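Subject: Structure handover

Hello,

Please find the structure below. My notes on it follow.

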Amino acid sequence: MTAESILEQLEKYRITNDIDISTFAKQIGLSPATYYNWKKGAPPKAVEILIRISNTINLISPHL
């Protein structure tokens, strides 16, 4: 899991459901500016933390 792969999945969902970035960002708990910054390559700190947690869990117990 990477920040880029998460963003790709979010973008697919957003586009498929015809949701503008401002509305979608608010729905997932981000400001529109944070979402745009993520699209430019700067993921939110919380996403980076989530990835580290996920990777740690997978190392400890890969069958979860």
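Helices (H or I, at least four residues) and strands (E, at least two) are taken as DSSP runs and numbered from the N terminus. Ile-53 falls in helix H4, which covers residues 45-60.

On provenance, this is a predicted model, in which local features need pLDDT of at least 70 and side-chain atom pairs count only at pLDDT 80 or more, while totals for chains, interfaces and linings use all residues. Residues are numbered from 1 along each chain as its sequence is written, and side-chain values use heavy atoms, with hydrogens and water left out.

Confidence

pLDDT is the predictor's confidence in each residue, on a scale from 0 to 100. The protein has a mean pLDDT of 91, and 94% of its residues reach 70 or more. Confidence is lowest in H4, with a mean of 88, and highest in helix H2 (residues 21-27), with 97.

Overall layout

The protein has four helices and zero strands, giving the pattern α-α-α-α along the sequence. Its C-alpha atoms fill a box of roughly 40 × 20 × 20 Å along the principal axes. Accessible areas come from the Shrake-Rupley method with a 1.4 Å probe, and for residues only the protein chains shown count as cover. The accessible surface comes to about 4,700 Å², and 59% of that belongs to carbon and sulfur atoms. For single residues, buried means under 20% relative accessible area, exposed means over 50%, and partly exposed lies in between (1.4 Å probe, protein chains only). Of the 64 residues, 28% count as buried. Where contact means heavy atoms within 4.5 Å, 41% of the contacts between residues at least 6 apart in sequence join residues at least 24 apart.

Salt bridges

A salt bridge here is a side-chain nitrogen of Lys or Arg within 4 Å of a carboxyl oxygen of Asp or Glu. The structure holds two of them, and Glu-11, Arg-14 and Lys-39 are linked in a network of salt bridges.

Arg-14 sits in helix H1 (residues 3-16). Its side chain meets that of Glu-11 in a salt bridge at 2.8 Å, N to O.

Lys-39 is partly exposed, at 39%.

A polar atom of its side chain lies 2.9 Å from the backbone oxygen of Ile-19. Leaving out residues up to four places away in sequence, Arg-14 touches Ile-19, Asp-20, Ile-21, Phe-24 and Tyr-35.

Surface patch

Patches are made of residues with over 30% relative accessible area and no salt bridge; like charges are joined within 9 Å, and nonpolar side chains (Val, Leu, Ile, Met, Phe, Trp, Tyr) within 5 Å. Ile-49, Ile-53 and Ile-57 form a nonpolar patch on the surface, with about 240 Å² of accessible area together. Ile-53 counts as partly exposed because its relative accessible area is 45%.

Regards

Terms used:
A polar contact is a pair of N or O atoms within 3.5 Å; within protein, one must be able to donate a hydrogen and the other to accept it, and residues adjacent in sequence count only if both atoms are side-chain atoms.
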